[in-house]
Amino acid sequence: MEPSEDWLVESLRLYQDFHAFDLSGATRVLEWIGDKGILVSGYENLKKNEILHLILPLRLSVKENQGLFPERDFKVRHGGFSDRSVFDLKYVPDTRLLVTSGLPGCYLQVWQVAEDSDVIKAVSTIDVHEKEGHLWPRVAIFSSAAPGVLHGTRLSSLKVVDLESQKTTYSSGVSDDELLSSLQVLDTDTFAFCCTSGRLGLVDTRQKWTPSENLRPSSGSTGGRWCAEAGRGPGPSIASLGSDGQLCLLDPRDLCQPVSLVQCPVSTPSPDPELLRVTWAPGLDNCLAISGFDGTVQVYDVMSWDGIGRQVEPLFTHKGHIFLDGNGMDTAPLVTTHTWHPCKPRTLLSAASDASLHVWDWVDLHAV
Amino acid sequence: MPEIRVTPLGAGQDVGRSCILVSIAGKNVMLDCGMHMGFSDDRRFPDFSYITRSGRLTDFLDCVIISHFHLDHCGALPYFSEMVGYDGPIYMTQPTQAICPILLEDYRKIAVDKKGEARFFTSQMIKDCMKKVVAVHLHQTVQVDDELEIKAYYAGHVLGAAMFQIKVGSESVVYTGDYNMTPDRHLGAAWIDKCRPNLLITESTYATTIRDSKRCRERDFLKKVHETVERGGKVLIPVFALGRAQELCILLETFWERVGLKAPIYFSTGLTEKANHYYKLFIPWTNQKIRKTFVQRNMFEFKHIKAFDRAFADSPGPMVVFATPGMLHAGQSLQIFRKWAGNEKNMVIMPGYCVQGTVGHKILSGQRKLEMEGRQVLEVKMQVEYMSFSAHADAKGIMQLVGQAEPENVLLVHGEAKKMEFLKQKIEQEFRVSCYMPANGETVTLPTSPSIPVGISLGLLKREMAQGLLPDAKKPRLLHGTLIMKDSNFRLVSSEQALKELGLAEHQLRFTCRVHLHDTRKEQETAVRVYSHLKSVLKDHCVQHLPDGSVTVESILIQAAAHSEDPGTKVLLVSWTYQDEELGSYLTSLLKKGLPQAS
């Protein structure tokens, strides 16, 4: 049997559900619209990329009698064309609007998802005034009656722009030019930022720039590039991931003292640190997933982590993108992004550089 | 204006009633004749009144083509041919011809016996309908008549499924029916050559779907079977089509071997009987790799799969059984179902669509209490799984096929145009073609520019060549001839040839013009001067000085004569045929300007 057949047999034990799709173009974006649809978008250079709104197969959305739903396919509900590569895409909740960021050109594109047809149409742009042509701004959305778009390439260029009026409602106002790697809105007034250096902070937009921050990661870290995500719940709810495989957990109440710093068993350094991603599971306590080092997605239980320098083992590793590489390309695929299903606790979606898209529900083999 | 017209028939926008009317260069073809499985009344049939409101269908339609045996493509055929009335040829592939009547008969039995329908086609009608069928081979050009030809291409999807090219002269349409672009365990992938049809007709549902991989579907099947068997349960798999059953058997056998499972797998006798028959149909229809597998093993020489005996249904312990018929509407599969339904450890896996009225349809709708004969109620506690193994193309696949065939236009059926702008744009952009999406009952008209071949007589060509300088590949050259249209044949011949064929005498029209020149020399010398002058000016033309003193410029004749009254004036007679009007006029005006002074 071929290795892929072997893996498939193994997979019977490892996954409840498993779906594998081939998109027409690889995506770096997996953004939810509600809990039944996702948005993906191409990032190829010099080509018309597609932005697609895909509806999940019905059997993944129904709660009962799953067996009576034979449909296992995604439906393309809406689509649009982007002349640029899209590196980030955010849905504006309670609207029909999307904001994308990419290259070339320093602006954010605002799109509208049509109601009576299948078109995603470009409607306006938000100027970013970025002089350096190779940087693309990170984006996050303040959702409210008057949605605001938080964007920036560096700490100095961090701004919140009102989506409708395009007026700037907040500006970091600092000259610090550290590069940003991620932005995340936490509630109506606060957001978190993470710089490529690993420096991260929580900002209250009602005040002048006084974020609670960490010290630059020192002991044990050899630099590299970092990204982060803040979860909900008490305790160490901020996870920060470095391109050398280090995972740092922090408590938002005291960012200066990391709760734990572990070394993940991944092949380092990451071939494309911009693809690093760490996400908290919305339906499981103390679980997070990481990707961006190779063709796998790893899930960790961080419950008993403490101290510095520990070696940890993942609770689960998704290897589907490596074994189901149908293209037979010489270079192994790289996972470009992943996301958790908002309702099904152990279901994830992951996308890779070979345009594959997987939906998988892993089995917790450690559970009693 | 030459055009191709396409009308998808039927009311409503629903999928599931494939029937498309195509008019191409005066020929009318009906593509598929499907039944809508969701309706029990006349809405399940296509609306044939669109075809022609008066006159017989047989006179209007040149042929009917059926792409494959699924009921939503052939279910209305006996109704159409025997109850509405059509006696012309019905084309389909051999496996389709073999399997269609069986499915139609099954369907008829269910409709009449189970649902008590009155106005339904009879068994005899099915037989009479099939008598009108002409079987075709893949890639074989079939002449329907002198002008209309059709050709079948491999479509994958199911046994015998084909895509059809319909051609009249230089105009052609390709209809895909249902097809699949990725090979599976027993069928290859669809393939078509770069036939560049004016129009490609296909399903819109494909283009809006991104399909889960074949492997994941198989995985789901194996997982369900494995879990059931592990807990000591029994798995019933009702099947019809041998191809699908064979595929699942190979899958199970490989898995059983790999994992070392011991539970027995059985294949019901109903299937083994039909085995040899299908085997013969099957082999030419699979790809190389699969053909080798079949040749290596006999259909039923599985290590782990044995022939089923009725008594085994009562044996304790886990087992897997493949049984007919596929919709649990009668026979062995229904018998086994009744025995096993009451145990929640057991499972039934339905691998395909079940027609309304069957037990299969009921349990797939979620019914857990079934009324059987004698008012007995059967409680269904076993797990019911609906799995779709049918291979269809998706968004990626449709783009691949369009890329292979290179049509000028694409037409998608069963979609709502208003809702499919993105899709239309995508196809139009990618391939620079126009994309149409008619509603059922709506006609799309495509203008075409058919090329009309004209034969040119060799003599005419040769004469043109002899007349002057060789033709310049980059410049158009005016040629005179006569077009003869006879018996759908076009020929370009010389006028003399045409006149001869028509038995007419030729008349010649010549123009003569006089140009007065002041020249005191003799006519002969004037002629020489004229010759030299024209020779130097008209470098592109053949200028000659004939022994009798006249000058010719191609076929134009110039003669110099003395003026009757004035010896100092010479009269040039310029004479040309009407074909050379342009050159003649030009020469005349040129000569009127006078001759250069002799040196």
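B:D220 is buried, with a relative accessible area of 3% in this predicted model. A salt bridge ties B:D220 to A:R59, with 3.6 Å between the closest N and O atoms. The pair crosses between chains: A:R59 sits in helix α2 (residues 58-61) of chain A, and B:D220 in helix α7 (residues 214-230) of chain B. A:R59 is also buried, at 2% relative accessibility. Because the cut-off for a buried residue is under 20% relative accessible area, both A:R59 and B:D220 fall in that class.

A second salt bridge between the chains involves B:R258 and A:D6, whose closest N and O atoms are 2.7 Å apart. B:R258 belongs to helix α8 (residues 242-259) of chain B and A:D6 to helix α1 (residues 3-14) of chain A, so this pair too joins two chains. Here the partners are partly exposed. The relative accessible area is 36% for B:R258 and 28% for A:D6.

Within chain B, the side chains of B:E82 and B:K132 form a salt bridge, at 2.8 Å from N to O. The two residues are 50 positions apart and link distant parts of the chain. B:E82 lies in helix α3 (residues 77-85), and B:K132 in the loop between α5 (123-130) and β6 (133-136). B:E82 is partly exposed, at 24% relative accessibility. B:K132 is buried, with a relative accessible area of 16%. Shared partners also join salt bridges into one network, made up of A:D17, A:R59, A:R72, B:D212, B:D220, B:K224 and B:E385. Over all chains, the structure holds 41 salt bridges.

Helix packing was examined in chain B. Two packed helices are described by the angle between their axes and the distance between the axes. Helix α13 (residues 395-405) and helix α14 (residues 421-431) of chain B pack at about 35 degrees, with axes 11 Å apart. The crossing of α13(B) and α14(B) is right-handed. On the α13(B) side, B:M399, B:V402 and B:G403 make the contact. On the α14(B) side, B:K426, B:I427, B:E430 and B:F431 take part.

The buried residues of α13(B) are B:A395, B:G397, B:I398, B:M399, B:L401, B:V402 and B:A405. An α-helix has 3.6 residues a turn, so residues three or four places apart point the same way. The cover over the buried residues of α13(B) includes strands β9 (162-168), β11 (199-203), β12 (209-210) and β21 (409-413) of chain B. Helices α6 (204-207) and α14 of chain B also contribute to this cover. After α13(B) comes B:E406, with a positive phi near 55 degrees.

Two buried loop residues were then considered. B:F48 is placed in the loop between β3 (27-31) and α1 (57-60) of chain B. B:F48 counts as buried, at 8% relative accessibility. Beyond its neighbours within four places in sequence, B:F48 contacts B:L9, B:C19, B:M30, B:C33, B:Y79, B:F80 and B:V84. In chain A, A:P211 occupies the loop between β16 (200-204) and β17 (212-213). A:P211 is buried as well, with a relative accessible area of 16%.

Backbone geometry shows several local features. The peptide bond from A:L103 to A:P104 is cis, with omega near 0 degrees. A:P104 lies in the loop between β7 (97-103) and β8 (107-113) of chain A. The bond from B:T324 to B:P325 is also cis, with omega near -5 degrees. B:P325 is found in the loop between β16 (319-323) and α11 (331-340) of chain B.

B:H139 has a phi of about 60 degrees and lies in the loop between β6 and β7 (141-143) of chain B. B:H139 is partly exposed, at 43% relative accessibility. B:R375 has a phi of about 55 degrees and lies in the loop between β18 (369-371) and β19 (377-379) of chain B. B:R375 counts as exposed, at 70% relative accessibility.

On the surface, B:I452, B:V454, B:L483 and B:M485 form a nonpolar patch. B:M485 lies in strand β25 (residues 482-486) of chain B and is exposed, at 60% relative accessibility.

Note on methods: Residues numbered from 1 in each chain as written. Chains lettered and ligands numbered in written order. Predicted model: local features only at pLDDT ≥ 70, side-chain atom pairs only at ≥ 80, totals over all residues. Heavy atoms only, no water. Patch = residues over 30% accessible without salt bridge, like charges linked within 9 Å, V, L, I, M, F, W, Y side chains within 5 Å. Areas by Shrake-Rupley, 256 points an atom, 1.4 Å probe, with all protein chains shown as cover. Salt bridge = Lys/Arg side-chain N within 4 Å of Asp/Glu carboxyl O. Helix = DSSP H or I, 4+ residues; strand = E, 2+ residues; numbered from the N terminus. Buried < 20%, exposed > 50% of the residue type's maximum accessible area, 1.4 Å probe, protein only. Axes fitted to C-alpha atoms, helices over the stretch in contact; angles between N-to-C directions. Left-handed = near helix turned anticlockwise from the far one by under 90°. Contact = heavy atoms within 4.5 Å.
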